[in-house]
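Biologist: I would like to go through this protein with you. Could we begin with its overall layout and then turn to the details?

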Amino acid sequence: MHDPRQNLDTLLEIALNELGQQVTSDEVENWERKYIGKTGIFTQRSRMVGQLPAEERAAFGKRINDIKATLLQAYADREKLVKEHELARDLEQGQIDVTLPGRAHPVGGLHPSTTTLREFYAIWAEMGFQVYRSRDVETDEMNFELLNIPAHHPARDMWDTFHTTTPGVVLRTHTSPGQIHAMREFGEGGTQPIRVILPGMCYRYEQVSVRSEIQFHQVEGVAIGKHIHLTDLKGTIAEFARRMFGADKDVRFRSSYFPFTEPSMEVDVECLLCGGKGCQMCKYSGWLEIAGCGMMHPVVLRNGGYDPSEWSGFAFGMGPERMINLKYGVKDIRYYWGNDLRFLEQF
Ligand code: FA5
């Protein structure tokens with residue numbers, strides 16, 4: 001076997017040169033196997049140390065170790081460089097354009113009834129009315145009796161009622177029982193003025209049609225004070241209509257009947273579609289109905305704890321769904337609870 005020291009410098013130069021030409025991780029790995037791996041050229045040389053005379057072995061061992069250290073360092077440097085290049089190339093080739101718009105997630109919106117109720121709250125709040133919520137399930141007494149509608153009264157026919165299995169307990173047919181709750185809660189025994197609106201769901205056992213649902217919202221309003229007159233009621237409602245439908249819209253009051261108000265009226269607003277000329281929506285009358293209202297009946301005031309010889313008040317009840325119909329020309333009230341997104345997404 002030839003001298004293990006032969007051509008060591010040349011070999012080192014060749015090895016380093018060759019390393020400089022390896023451009024992929026695989027090539028660098030092959031280089032490592034060829035020169036410094038288990039069976040690599042320099043490893044084999046170092047194993048041949050036994051063939052040298054004893055006094056020369058230490059010097060050779062040191063030399064070959066220095067060479068191997070140089071090669072190991074060069075190998076590590078090259079490997080790092082090649083890996084960095086490969087990473088940069090992978091990143092460039094496998095690039096994802098993060099600026100592309102993603103898939104849109106469907107986002108829910110507010111139900112048109114909710115939006116309209118909020119519009120109501122804002123308008124009435126500006127006019128000094130606070131929101132008071134009362135229950136959906138009522139006693140017959142609250143829903144009818146205390147509102148001056150005794151059991152025998154023919155006016156009960158105006159409200160087709162859902163009764164519960166508990167005798168005397170009904171789903172409220174209107175928000176008017178809230179009048180009694182509000183008077184009793186805020187009136188402090190009939191000594192304090194009140195201005196509240198009472199929004200909420202009402203239920204009626206009636207034939208479902210384009211105009212009538214078995215459940216719908218109402219917003220009741222109550223104002224009680226010492227000198228409240230019919231003119232206050234008319235002015236307040238007209239102002240509400242002006243803010244809700246626009247300053248150019250006229251309102252009119254027609255006499256009507258409710259057992260809990262005296263006198264009673266229905267409120268109409270000038271048709272939003274034809275401006276009063278007459279069209280299909282207003283059934284060629286030029287007017288659209290928006291509320292029932294009146295001066296609070298003395299019996300009702302008394303039931304709420306007020307002395308009607310000293311106190312007076314007005315009340316009204318509006319249906320937001322029918323109002324949205326008017327405002328947006330919705331032709332069928334059944335859409336509101338029909339769960340059809342094609343309808344709901346239009347608002
Ligand atoms: C009442 O319920 C009275 N409590 C209103 C009132 C309050 C008068 C205070 C005087 C003083 P009416 O039954 O007309 O009145 O209903 C009031 C409003 O509720 C209607 O104008 C309408 O907008 C709405 N409404 C009534 N029934 C339905 C229904 N089936 N579907 C949708 N909206 C309805």
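Biologist: What distance separates the centres of domain 1 and domain 2?

Modeller: This is a predicted model. In it, the centres of domain 1 and domain 2, taken over C-alpha atoms, are separated by 94 Å.

Biologist: Which residues does each domain cover?

Modeller: The domain assignment gives residues 8–92 to domain 1 and 112–344 to domain 2.

Biologist: Turning to helix α1, which of its residues are buried?

Modeller: Leu8, Leu11, Leu12, Ala15 and Leu19 are buried in α1. Seen down the helix axis, the buried residues of α1 fall within an arc of 100°, so they line one face.

Biologist: What does that face pack against, and what is on the side turned away?

Modeller: The buried residues of α1 pack against α2 (25–35), α3 (41–47) and α4 (54–93). The face turned away carries the exposed residues Asp9 and Glu13.

Biologist: A change of topic: which residues touch the most other members of the largest nonpolar core?

Modeller: That core has 35 residues, and Phe120, Trp124, Phe240, Ile290, Phe314, Phe316 and Met318 touch the most other members.

Biologist: Which element gives the most to this core?

Modeller: Helix α8 does, with six residues.

Biologist: And what does Met318 touch?

Modeller: Leaving aside residues up to four places away in sequence, Met318 touches several residues, among them Phe120, Trp124, Ile237, Phe240, Ile290 and Met323.

Biologist: How many residues are in the second core?

Modeller: The second, separate core has 24 residues, including Met142, Ala182, Leu198 and Phe260.

Note on methods: Residues numbered from 1 in each chain as written. Predicted model: local features only at pLDDT ≥ 70, side-chain atom pairs only at ≥ 80, totals over all residues. Heavy atoms only, no water. Domains from an automatic or database assignment. Buried < 20%, exposed > 50% of the residue type's maximum accessible area, 1.4 Å probe, protein only. Helix = DSSP H or I, 4+ residues; strand = E, 2+ residues; numbered from the N terminus. Arc of directions from axis to C-beta. Contact = heavy atoms within 4.5 Å. Core = buried A, V, L, I, M, F, W, Y, C linked by side-chain atoms within 4.5 Å.
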